[in-house]
Amino acid sequence: MILPQPSIELFTIRIDEPITTLTDVIVSIVCFYSFYSLSKFQVKNRVHLYLKYYFLSMGVATFIGGIVGHGFLYLFDAQWQLSPKVIDTVSRIVGENKTNAAANPWKLPGWLTSMFSVALVERASIEFARPLVKTKVARFFSRLNIVELLTFVTITFSTLNFFFVEVHTFYGFMIIVLSFNSFVFYKTRNTGSKFFLVAVGFAAIAALFFMNEWAISKWYNHYDLSHTFMAFSALFFFLGAKRIINSSLHK
């Protein structure tokens, strides 16, 4: 069982889960720096637009997640009253223990922003591969990108359950980003796509630590380890983005 991370007092300000809050903020710093750097690029295209705002939205999501979702959630004391029918339906899908964890609606801003962020990196990957795939394939997945985002946002908002955020992230990274960038790398040996594949690998490791609740101690638990690998994932997405934006596929 994972022991709760003790609160600390900083200048008379109480901070819950301090290391978890800090590691979330570190991820956001990497993302904000990436957004700032990509904003300087002279190359302007859809891939650049999607990737730039992927980092901005992911930075916002992880910052909110750290500050509101962990550090100061006690200041946002609000409970979401789910109907018995919704609780029963969700418990059949994710298990009763995870259903009971659905509690505070103030976690939603960070969750929903992160889902929008994942959708953007999906679109960037689809757009980057567009010259190499059939038009119908690119069009289909571009439309599916909108449908799946709206579907999972609706479900997450209705159930207030992080499980559906995880599913959406898994689909976005492991199905869309991985497959499209694998195809581009296979066809072109593009370095940017290779970095994206490494980034997805770090994201997968982060998910393993989170889902299995692997921890070093209460001061560096599964949240903290997951956030650490998320920071490496964001870094490699940034390294890949710089190369993808200037790729010969999008002159």
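A: A residue counts as buried when its relative accessible area is under 20%. With that in hand, let's look at helix α5, which is mostly covered: 17 of its 22 residues are buried. Please keep in mind that this is a predicted model.

For some background, the chain has 251 residues, and 45% of them count as buried. It holds nine helices and two strands, and the order along the sequence is β-β-α-α-α-α-α-α-α-α-α. Among contacts with a separation of 6 or more, 77% join residues 24 or more positions apart.

Now to the helix itself. α5 covers residues 108-129, and at 1.5 Å a residue its 22 residues should span 32 Å.

Next, zoom in on one residue of α5, serine 125. Is serine 125 buried or exposed? Its relative accessibility is 2%, so it counts as buried. Setting aside neighbours within four places in sequence, serine 125 is in contact with Val177, Phe180, Asn181 and Phe196. Where do these partners sit? Val177 and Asn181 belong to α7, and Phe196 belongs to α8. Phe180 is in α7 too.

α7 (residues 162-188) and α8 (residues 191-212) pack at an angle of about 155 degrees, and their axes are 9 Å apart. Because angles over 145 degrees count as roughly antiparallel, α7 is roughly antiparallel to α8. Their crossing is left-handed. On the α7 side, the contact includes Val177 and Asn181, while the α8 side includes Phe196; these are three of the partners of serine 125. By class, the contact of α7 with α8 has 14 nonpolar, three polar and two charged residues.

α7 also packs with α6 (residues 135-159), at an angle of about 165 degrees and with the axes 9 Å apart. That makes α6 roughly antiparallel to α7, and the crossing is left-handed. Phe180, the remaining partner of serine 125, is one of the α7 residues that meet α6. On the α6 side, the residues include Phe141, Leu144, Phe152 and Ile155. The contact of α6 with α7 divides into 11 nonpolar, three polar and one charged.

Let's return to α5 and look towards another helix. Tyrosine 53 lies in helix α2 (residues 46-71). Tyrosine 53 has a relative accessible area of 34%, so it is partly exposed, whereas serine 125 is buried.

Terms used
Residues numbered from 1 in each chain as written. Predicted model: local features only at pLDDT ≥ 70, side-chain atom pairs only at ≥ 80, totals over all residues. Heavy atoms only, no water. Helix = DSSP H or I, 4+ residues; strand = E, 2+ residues; numbered from the N terminus. Expected span 1.5 Å × (residues − 1). Buried < 20%, exposed > 50% of the residue type's maximum accessible area, 1.4 Å probe, protein only. Axes fitted to C-alpha atoms, helices over the stretch in contact; angles between N-to-C directions. Parallel < 35°, antiparallel > 145°, perpendicular 65-115°, else oblique. Left-handed = near helix turned anticlockwise from the far one by under 90°. Contact = heavy atoms within 4.5 Å. Nonpolar A, V, L, I, M, F, W, Y, C, P; charged D, E, K, R; others polar.
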